[in-house]
Amino acid sequence: MLAIPGRCWLCQLPLACPTWGICSCCTASLLQPLACCLQCGLPALSGHLPCGRCLQRAPEWDAIAYVTDYLPPLSTLIHHLKFTGTPSLAPALARLLLLRILMARREKRLHLPDAILSVPLHHTRAWRRGYNQSALIATPLSRWLGREHYPSAIKRIRSSPAQHTLTAKERKRNLKGIFRVEIPVAGRHMAIVDDVVTTGSTVAEIARLLKKQGAATVQVWCLCRTL
């Protein structure tokens, strides 16, 4: 992807504020209202009450905020961030997530957490990629929201096949015993930042561990939520 300084990542028009990365018009097109459940993030008639799925079997986390579904053009930007060595995209994507979180605070009374965590990569995968994209998104978010970010709070203690290559059942089995919480979380409200949540197996396993160690609530913040 060709990046031109001072121009929008999507439409290439000049930016009023170069640090935004994505112009106001493209931002508005990405931040359309979402008809989804506040807790699981899946399609629902009301965004203010738990959906029928959550009433029957709630996810491990308490609330979710995401920019949009995993569709172009955002999915294209995420692909470039993860697989083409374009970490400079992270602040622009983090700003989109920030705007969605602030919208959720106004419209759905989403509460800000005490601390922000990022989904970890195994050290060998992080070494090959050169960075953890979730941590790159969480870092500016923590600064803008005035919340501490703990990039090493969740440790991936063994390597495993990439989640996107597995079925839903394989994803759950793939994550058993793979994470460890490295900081005290008892009584604290936490947010987990990831790039894409599909089945939710990864963030569910982390949320389960946080709740097991006494976390008061756990939110999930991501760029995209898929079915």
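A charge is taken to sit over a ring if NZ of Lys or CZ of Arg is within 6 Å of the ring centre and within 35 degrees of the ring normal. In this predicted model, the charged end of Arg95 meets that rule over the ring of Trp20, at 4.2 Å from its centre. Local features need pLDDT of at least 70 and side-chain atom pairs count only at pLDDT 80 or more, whereas totals for chains, interfaces and linings use all residues of the predicted model. Residues are numbered from 1 along each chain as its sequence is written, and side-chain values use heavy atoms, with hydrogens and water left out.

**Nonpolar cores**

A nonpolar core is a set of buried Ala, Val, Leu, Ile, Met, Phe, Trp, Tyr and Cys residues joined through side-chain atoms within 4.5 Å. Buried means under 20% relative accessible area, exposed over 50%, and partly exposed in between (1.4 Å probe, protein chains only). The largest such core has 41 residues, of which Leu74, Leu141 and Trp221 touch the most other members. At least two residues of this core come from each of α1 (24-30), β1 (63-68), α3 (74-83), α4 (90-108), α6 (133-145), β6 (189-197) and β7 (217-225); helices (H or I, at least four residues) and strands (E, at least two) are DSSP runs numbered from the N terminus. With ten residues, α4 gives the most to this core. A second, separate core contains 28 residues, including Ala115, Val119, Ile178 and Val218.

Contact denotes heavy atoms within 4.5 Å. Beyond its neighbours within four places in sequence, Leu74 is in contact with Leu30, Val67, Thr68, Leu93, Leu96, Leu223 and Cys224.

**Asp195**

Asp195 belongs to strand β6 and is buried, at a relative accessible area of 3%. Its side chain makes a polar contact with the side chain of Lys82 at 3.1 Å. For such a contact, N or O atoms lie within 3.5 Å; within protein, one must be able to donate a hydrogen and the other to accept it, and residues adjacent in sequence count only if both atoms are side-chain atoms. Not counting residues up to four places away in sequence, Asp195 touches Ile78, Lys82, Gln133, Ser134, Ile137, Cys222, Leu223 and Cys224.

**Cysteines**

A search of the whole structure finds zero disulfides, the criterion being a pair of cysteine sulfur atoms within 2.5 Å. Two cysteines are tabulated below.

| Cysteine | Closest cysteine sulfur | Relative accessibility |
|---|---|---|
| Cys8 | Cys11, 3.8 Å | 1% |
| Cys224 | Cys222, 7.3 Å | 0% |

Cys8 counts as buried, as does Cys224. The sulfur of Cys224 is too far from that of Cys222 for a bond.
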